[in-house]
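Please look through the sequence and the structure shown below before reading on.

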Amino acid sequence: MDEGTKTIIDKLIKKHKPGENAVVSIFQDVQEQQGYLSEDAIRYVSEKLEIPVSRAFSVATFYSAFSLTPLGRNRVHVCLGTACHIKGADNIAGRISRQLKIKPGETTGDRKFSLHKVRCLGCCALAPVVKVNDDTYAGVSQDQVVSVLEKYR
Amino acid sequence: MTMCNITLNGKKTKFLPGKTILENTRDHGVKIPVLCSHEALKPYGACRLCIVEIEEQGRKQIVTSCNSHVRDGMKIKTHSPRVQKIRKTLVELLLARTPEAAVEQQLARDIGVKATPYPEQGELCIMCGQCVRTCREIVGACALDFVHKGSKRSVAVPFFRDSKECIGCGSCVFVCPTGVVSMHDEISDVRGEPERIMDKWETRLPLQKCSSDGNVFATRRMLEHFARKHEVSEGFLETCSHCLRKGNTK
């Protein structure tokens, strides 16, 4: 692992209270800064927190918020919760899938986008909802979603 | 130690307060089915088969006996209709997951479950976690843990391959109740040296030849692991226990 990544992780570890419980918070920060949890990062965090690698790997695979492969620069989340489902979220997910030529859970070859299905974003009144990074798009149609994606190219 | 006054299946008896309900009932010759419980390991409470019905001050409750302690005045029923109904469902679910596992089939026969009404999944791992816990609690290598969650949950070494922590001791193979964890020794195609392959963990470990009789006797990493944890006699790392006993060290 390069020294730069080590320094970043060291800083993140210092921010949190030491001990096994810090692993989730540290992984969240690493995920946000690096876009994924690399093998080196997981091994380094486990070494620093003095927890078994198996334990750290278990945590890393448990939460869907963590990815073990690099994600795209823009993370597209399509809500498939009950309200969004009723409002045709499947069609929207399909349209994005065709547009970006990737399946949910995958990343485009140019690393610009990754597509994720999520169950509920907690804003059912805005259904159907698509979230790109931290921006939420409410009541989107299939056509609108294409122009939304263009903004992030 | 003052004993606890217990009513076990309608009979007044005395239980040891320091022991769990499961241990106490066993001492009294009452058989409760278990899958994830192992006497060498800490209580885990995953398989739920050891459930019993307890009653305290008129309040009835279903608890797992393997990790519940005894209190004075407790009424315990190990095979009440309520317990047996839940236990039957549990066995049906477990049988659906691992229909081929002998331990599961035996359990179903004991309980009187003929077939599972749920779709069969054809797995062999019953998720008892005995391999994970043995590796952690007894061996101390911590090479194994559960990964993913829900229906994708499984046991694996970090990154699913070449574990640097696995010492190839085979404790996980020994403890696995269904035989899904396996290992074998062979001569490596690449180096021509004897190796141990932990099949499920995708890990290969070089084996040590005895300096005295030339027989392969343990993985090198296993010997190093023991040498780190305990004081070992001279020649321990190179000589098999058979030759050590005879004093044939070189």
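Over all chains, the count comes to 17 salt bridges, a salt bridge being a side-chain nitrogen of Lys or Arg within 4 Å of a carboxyl oxygen of Asp or Glu. Side chains of opposite charge can pair when their charged atoms come close. One of these pairs is formed by the side chains of A:Lys15 and A:Asp29, with 3.0 Å from N to O. This pair links distant parts of the chain, since A:Lys15 sits in helix 1 (residues 3-15) of chain A and A:Asp29 in helix 2 (residues 23-34) of chain A, 14 residues apart. Helices (H or I, at least four residues) and strands (E, at least two) are DSSP runs, numbered from the N terminus.

The model is predicted, and local features need pLDDT of at least 70, side-chain atom pairs count only at pLDDT 80 or more, while totals for chains, interfaces and linings use all residues. Residues are numbered from 1 along each chain as its sequence is written, chains are lettered from A and ligands numbered from 1 in the order in which they are written, and side-chain values use heavy atoms, with hydrogens and water left out.

Chain A contains seven helices and four strands, and along the sequence these follow the pattern α-α-α-α-β-α-α-β-β-β-α. The C-alpha trace of chain A spans about 50 × 30 × 25 Å along its principal axes.

Where chain B meets chain A, 16 residues from chain B and 13 residues from chain A take part in the contact, contact meaning heavy atoms within 4.5 Å. About 1300 Å² is buried between chain B and chain A, and carbon and sulfur atoms give 58% of this area; buried area is the accessible area (1.4 Å probe) that two parts lose on being put together, summed over both. Of the area that chain B buries against chain A, 43% is supplied by B:Asp145, B:Lys149 and B:Phe159, more than by any other three residues. Three salt bridges are found across this interface. A:Glu39 forms a salt bridge with B:Arg161, and their closest N and O atoms are 2.6 Å apart. Between chain B and chain A there are six residue pairs in polar contact, both residues at pLDDT 80 or more; a polar contact is a pair of N or O atoms within 3.5 Å, where within protein one must be able to donate a hydrogen and the other to accept it, and residues adjacent in sequence count only if both atoms are side-chain atoms. Strand 6 (residues 145-147) of chain B gives three residues, the largest share of the side of chain B that touches chain A.

Chain B also holds an open sheet of five strands in the order 2-1-5-3-4, with mixed pairing, where two strands pair if DSSP finds at least two bridges between them. Strand 2 and strand 4 (59-64) of chain B stand at the edges with a single partner strand each, so one side of each is left without a neighbour in the sheet. From one strand to the next the twist averages 35 degrees; axes are lines fitted to C-alpha atoms, for helices over the stretch in contact, and angles run from 0 to 180 degrees between N-to-C directions. Strand 1 (residues 4-8) and strand 2 (residues 11-15) of chain B pair in the antiparallel sense over five bridges, with B:Cys4 opposite B:Phe15 in strand 2 of chain B. These two strands form a hairpin with two residues between them, and B:Asn9 in the turn has a positive phi of about 50 degrees. Helix 2 (residues 81-97) of chain B lies across strand 3 (51-56), strand 4 and strand 5 (75-77) of chain B, running at about 155 degrees to strand 3 of chain B.

Another open sheet of chain B has four strands in the order 8-9-10-11, with antiparallel pairing. Its edge strands are strand 8 (183-187) and strand 11 (216-219) of chain B, each of which pairs on one side only. Strand 10 (residues 203-209) of chain B is joined to strand 11 of chain B by three bridges, and B:Gln208 has B:Ala218 in strand 11 of chain B as its bridge partner. Helix 6 (residues 220-229) of chain B packs on the sheet, touching strand 10 and strand 11 of chain B, and its direction makes about 65 degrees with that of strand 11 of chain B.
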